[in-house]
Amino acid sequence: MSTICAVSTAQGGAIGIVRLSGPNSLSITDQIFKSKRTIADAPGYTIHFGRIVEPGPTPTTIDEVLVSVFRSPSSYTGEDMVEISCHGSSYILQKVMSLLIAHGAEAAQPGEFTKRAYMNGKMDLSQAEAVADLIASTSAASHRIAMTQMRGGITAKLASLRDQLLHLTSLLELELDFSDHEELSFADRDQLMTVATDIEAEITRLTSSFATGNAIKQGIPVAIIGAPNVGKSTLLNQLLHEDRAIVSDIQGTTRDIIEDTFVLQGVCFRFIDTAGIRHTDDAVEQMGIERSIKAAQRAHIILLMSEPGVPYPDIDIRPDQHIIKILNKSDAFQALHGQGLDWLQSELIKCVPAINNDDVLISNLRHKQALDLALFDIQNSIQSMSSGIPSDLVAEDLRQCIAHLSEITGGAITPNEVLSNIFSKFCIGK
């Protein structure tokens, strides 16, 4: 196994950190780090002050640094690790990197530290993916979902389902082993059906939670819909506290979708300003109107805007969508002057799904796809049991269900290309 290194902090900060992981992390560091003691002899979870020195006829001090030592297996990756904390100069960071590489380290690929943590059993695959979600979280709600997943919330839920499925499968297979003894019965079909139905209900709940989990992760989509010139762009600018959208008295000014996010009480909302809906012969404006209708179809919340004397636009609304009607330029609401925004923000919060701290929400598309397949398998097994299908065929559906659930945590054999795709989305240094 090679020893990898990477800059793990963003550019521009006062402090920068370079990480190493692998069997030669300590010895490589010793070749460029000068201190009162060698890092190779240092115990884990200790910090040492010293200098990074470029070797040569005239050794040059690059920076004064702190070096943190982490010993295998008690480190993030499960390997020997070193973190070098230096000043945040891009020159210093790149110089440290080049010295480490010159002495035998390799530049890490995106996500390679977390990939090694997974490969070394420090976390399962769903927890590893949660690390990336935690880094990308932009609100308290998305942070909470990522933390629950990283701490094993999904892992525990799936482990419980897997244990129940294994129990069902073992009873059916035991029945097959003793099929010659008709007087013996190991699997009560009514009891099996009850357990299988409970499993189906839980998998259904998890798949259904994806709509909420993904919306919170990406930002709850809010489409601002209305006729031209009723104040949609003005409202967007007021909510964002900036001139994000062009405001004009000319009808049809907004011809394309404008999106931006706004965090309210720990929840990220993704606002979508759309073209005014009206009949028009302008081909370009009509394209914008069609995009508006599609945006409304995708939205979790629709802000339906009008003004006195102007009817609300007639659009198709799904039962699961929330509609907030806004009568702009009225006594109660005037977007131009910010009047009524407190009421609107309160209404937006009411539309956010209630989430308990112990709720497990699915926010990862890969997890959703695996759960959909598992749901198909458990439903097949239930139908087979109802129809009196032989036990071996029922057991095969249950095994497929277990396999698809295991794909989420990486408990089953996961192809290398799947792992590469997952960790390629991570930042370098993580």
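How many helices and strands are there in the protein chain? I counted 14 helices and 12 strands, taking DSSP runs numbered from the N terminus (helices H or I, at least four residues; strands E, at least two).

**Ground rules.** I am working on a predicted model, where local features need pLDDT of at least 70, side-chain atom pairs count only at pLDDT 80 or more, and totals for chains, interfaces and linings use all residues. Residues are numbered from 1 along each chain as its sequence is written, and side-chain values use heavy atoms, with hydrogens and water left out.

**Confidence.** I looked up pLDDT, the predictor's confidence in each residue, from 0 to 100. The chain's mean is 86, with 88% of residues at 70 or more. Residues 245-255 fall below 50, yet this stretch has 30 contacts in the model beyond near neighbours in sequence. A contact means heavy atoms within 4.5 Å.

**Burial.** I found 48% of the 430 residues buried. Buried means under 20% relative accessible area, exposed over 50%, partly exposed in between (1.4 Å probe, protein chains only).

**Backbone.** Most residues other than glycine have a negative phi, and most peptide bonds are trans. I checked for exceptions. S72 and P73 are joined by a cis peptide bond, omega about 5°. P73 sits in the loop between β5 (60-70) and β6 (81-87). Y45 has a positive phi of about 60°. Its loop runs between β3 (33-34) and β4 (46-54), and Y45 is exposed at 59% relative accessible area. N229 also has a positive phi, about 65°. I place N229 in the loop between β8 (220-226) and α9 (232-240), partly exposed at 27%.

**Rings.** I searched the whole structure and got 6 aromatic pairs. The rule takes rings of Phe, Tyr and Trp (its six-membered ring) with centres within 6.5 Å; planes under 30 degrees apart are stacked, over 60 edge-to-face, the rest tilted. Y118 and F423 have ring centres 6.4 Å apart and planes at 35°, so I log the pair as tilted. This pair links distant parts of the chain, helix α3 (residues 112-119) and helix α14 (residues 416-423), 305 residues apart. Y118 and F423 are buried. F262 and F271 make another tilted pair, 6.3 Å between centres and 45° between planes. F262 is buried at 15%, F271 at 0%. Y118, F423 and F426 form one aromatic cluster.
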